[in-house]
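Open the model in your viewer and keep the selection tool at hand. Each stop below says what to select and what is there.

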Amino acid sequence: MSAPTFLRLLAPWLAAIVLLALLPSIFPSRTALSVMNAIGIQLVFALSYNMLLGQGGMLSFGHAVYFGLGGYGAMHVMGMIEAGAVDFPVFGLPLVGFAVGLIAGAVIGWPSCRRAGVPFAMISLGIGELVAAAGFMFVSVFGGEEGISGDRMVGPEVLGLSLGPIGEVYWFIAFWAFVASLAMWAFTRTPLGRLSNAVRDNPQRAEFIGFNPQRVRYLVFIISGGFAGLAGGMSAVNYEILTPETFSALVSGAVLIMAFIGGIGTFYGPILGAALIVVMQSLLSDYTEAWQFYIGILFMVIVMFAPGGLSGLVERVRLAVRRRELASLAPIWGMGTAAALAMALGMVILVELVFRWRERSEPMELLGFPISHQSVLGWALAGLLLAFGTLGLREAPRRLGRFLRGEVP
Amino acid sequence: MRAALTLSGLTKSFGPAEIIRGVDLEIRGGERHAVIGPNGAGKSTLFNLISGAFAPTSGEVRLRDKTISGLPAYEINRLGLSRSFQVTNIFHNMSVYENLRCAVLWSLGYRYTFWRWASRLADVTRRSEEMLTLLHLGHARETPAGLLSYADQRALEIGITIAGGAEVVLLDEPTAGMSHAETDRAVDLIRRVTEGRTLLIVEHDMGVVFGLADRISVLVYGEIIASGTPEEIRGNPKVREAYLGEEAL
């Protein structure tokens with residue numbers, strides 16, 4: 001590989017280092033730091049999930065199992081450090097999570113990777129439920145409903161970080177998020193990483209070039225479990241508590257949603273998805289009780305209208321730039337975006353009004369303006385926005401089609 | 001010459017339907033051998049039995065001296081027998097280059113490797129580039145395979161089949177659905193890439209068959225009714241009877 005290509009490959013990673021170094025200065029508040037720490041954990045988790053879904057073609061409904069087991073492994077070792085039983089830095093606990101995740105992947109993957117497609121998805125769901133149930137049964141291991149908690153300020157320090165204040169935890173999270181992402185990206189460039197794409201595209205043909213697709217799936221599954229466990233270990237250190245809820249289908253569903261909204265067709269998609277969902281979860285929940293509803297809607301819209309996710313849209317724009325079509329496409333895309341925003345705003349107003357009509361009475365606030373469900377104004381505004389949105393979303397694809405068929409110069 | 005591939009007493013039944021009804025056939029090392037026969041004769045099933053997609057109901061397939069019937073397809077492939085498919089069977093979302101690179105990996109000893117970058121494996125790169133040139137697909141190197149033209153996809157199909165350097169190559173209707181010009185190009189490609197290998201080919205285009213094959217076997221209702229040089233097959237009355245009403249030989 002020539003030097004310039006190599007530099008081009010590494011440029012995004014250098015940019016990531018700069019970004020990670022600057023973020024705490026740009027967003028120094030405690031809230032911002034805790035959101036960024038959560039993003040760091042979830043992006044590793046989502047990337048590990050995409051090793052299965054996007055790259056290996058394996059739809060799992062039970063990825064929380066490896067996240068949770070890795071987290072519990074790290075948490076127990078943290079307890080041992082506190083008790084003085086082992087001399088291990090808390091900073092290195094994600095490695096414990098990684099090891100536990102690998103082992104869990106190796107054990108559980110053995111039966112489940114024999115099948116692909118729907119049976120694989122069903123088995124992953126079953127195993128997820130099984131482990132979640134076991135989590136509540138074995139109180140001595142998983143701590144029952146209370147979970148188990150730990151203290152991260154024990155044991156030897158690494159890089160002079162006591163890991164006490166959240167600002168120091170940020171560096172811990174940033175370090176592991178970076179290392180894990182880089183490792184997962186490097187994996188995509190190895191023969192096994194490429195073969196997992198081959199098995200995703202066409203398992204039968206993979207057999208006829210000498211590879212056992214079950215073996216490929218199994219190995220990818222183990223490695224993916226390891227990185228999910230690593231994210232679990234990061235989570236154990238960050239929150240200092242873990243409950244069996246971590247194994248739940250909700251967590252497995254959330255990682256699927258993050259990866260898919262971000263885009264499973266590119267490496268970086270799940271990072272965008274993790275960031276967006278964590279931000280929505282933490283910020284939106286301050287403003288509205290319907291925030292989960294909005295995430296659900298967003299997920300459905302992406303599945304139906306932009307299956308490439310956010311990164312799919314980014315790649316589409318980059319393609320247009322390369323083909324020098326951006327100037328012609330921008331007005332059409334602008335129209336589509338405006339229509340989609342109108343639609344979204346109309347829907348938000350509608351949902352909030354309905355919610356207040358049935359559950360609460362105080363008026364909603366939109367950009368500082370109070371809107372009451374008792375006046376017709378709010379309902380009319382919602383209807384108008386939805387109508388505009390619908391019109392725009394019908395017209396924009398028509399224009400796009402005409403352009404792509406070359407009917408418009 | 002020693003037999004590269006030997007089928008003896010091969011049968012295959014799906015439920016009560018016996019599709020292959022006792023096939024004995026010897027493919028000599030280095031020859032180009034065509035299997036022809038009317039639709040539904042069992043040609044594709046025969047290929048599936050040889051390549052390990054199905055296990056035979058009874059009988060045996062030997063690659064040189066080794067019995068391969070009953071082995072999984074990937075092990076048969078590793079022993080040096082590779083096949084193409086009648087319906088294009090490529091890695092659609094991957095680039096042409098990635099398709100070829102994956103097909104090269106096993107034969108060069110990179111198994112389930114995850115500790116080295118694929119682009120740093122000099123022998124893999126060299127072999128993949130050679131394949132790209134051989135197939136005349138250099139212009140489409142980074143194109144996702146699913147977006148290639150039909151003829152290019154068929155060429156890639158053959159490329160994936162032979163990239164691993166198999167000694168025995170099975171091609172299942174490589175020119176199906178092609179125009180005359182495309183067929184000529186495909187035959188030229190097949191001729192070049194099977195140089196020094198043993199070829200077993202199923203083909204409907206009699207021009208291709210008689211132009212390419214050293215020997216021909218005729219499969220009718222799951223049995224080989226004749227086997228010989230193109231001249232012998234052309235003159236064989238049983239073959240003429242089987243093909244009555246179909247294309248003239």
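Helices here are DSSP runs of H or I with at least four residues, strands are E runs of at least two, and both are numbered from the N terminus. This is a predicted model, in which local features need pLDDT of at least 70, side-chain atom pairs count only at pLDDT 80 or more, and totals for chains, interfaces and linings use all residues. Residues are numbered from 1 along each chain as its sequence is written, with chains lettered from A and ligands numbered from 1 in the order in which they are written.

Stay on A:E240 and check its backbone. Its phi is near 60°, a positive value in a residue other than glycine. Most residues other than glycine have a negative phi. A:E240 is partly exposed, because 17 other C-beta atoms lie within 10 Å. The cut-offs: buried means 20 or more other C-beta atoms within 10 Å of the residue's own, exposed means 12 or fewer, and partly exposed is in between, with C-beta atoms placed from the backbone.

Select chain A. It has 16 helices and 4 strands. The C-alpha atoms fill a box of roughly 65 × 60 × 45 Å along the principal axes. How does its radius of gyration agree with that of a compact globule? For 409 residues a compact globule would have a value near 22 Å, and chain A has 23 Å, which agrees. That radius is taken over C-alpha atoms, and the globule rule is 2.2 Å times the number of residues to the power 0.38. Buried residues make up 42% of the chain. Take the contacts in chain A between residues at least 6 apart in sequence: 78% join residues at least 24 apart. A contact means C-beta atoms, placed from the backbone, within 7 Å.

**The core of chain A**

Next, select A:V44 and A:F227. Of the 167 residues in the largest nonpolar core, these two touch the most other members. Such a core is a set of buried Ala, Val, Leu, Ile, Met, Phe, Trp, Tyr and Cys residues joined through C-beta atoms within 7 Å. Helix α2 (residues 30-55) of chain A gives the most to this core, with 14 residues. Leaving out residues up to four places away in sequence, A:V44 touches A:A177, A:A180, A:S181, A:F227, A:L230, A:A231 and A:M234. Another core, of 10 residues, lies apart from it; among them are A:L329, A:A342, A:I349 and A:L385.

Move to A:F45, also found in helix α2 of chain A. Is A:F45 buried or exposed? It counts as buried, because it has 31 C-beta neighbours inside 10 Å. Beyond four places in sequence, A:F45 is in contact with A:F67, A:A228, A:A231 and A:V255.

**Helix α16 of chain A**

Select residues 376-404 of chain A. This helix, α16, has 29 residues and should span 42 Å at 1.5 Å a residue; its end C-alpha atoms are 42 Å apart, which agrees. The expected span is 1.5 Å times one less than the number of residues. A:G378, A:A382, A:L385, A:G389 and A:A396 are buried in α16(A). Its buried residues pack against α15 (326-358) and β4 (369-371) of chain A. Just after the helix, A:G406 takes a positive phi of about 80°.

**Where the chains meet**

Show both chains. The contact takes 24 residues from chain A and 31 residues from chain B. On the chain A side, α8 (191-201), α9 (203-207) and α10 each give two or more residues. α8(A) gives the most, with 8 residues.

**Chain B**

Select chain B, with its 9 helices and 10 strands. Buried residues make up 45% of its 249 residues. Zoom to helix α1 (residues 43-51) of chain B: 7 of its 9 residues are buried, so it is largely enclosed by the rest of the structure. Just after α1(B), B:G52 takes a positive phi of about 95°.

Finish at B:Y221, in the loop between β9 (215-220) and β10 (223-228) of chain B. Its phi is near 45°, a positive value in a residue other than glycine. B:Y221 counts as partly exposed, with 15 C-beta neighbours inside 10 Å.

Conventions
Contact = placed C-beta atoms within 7 Å.
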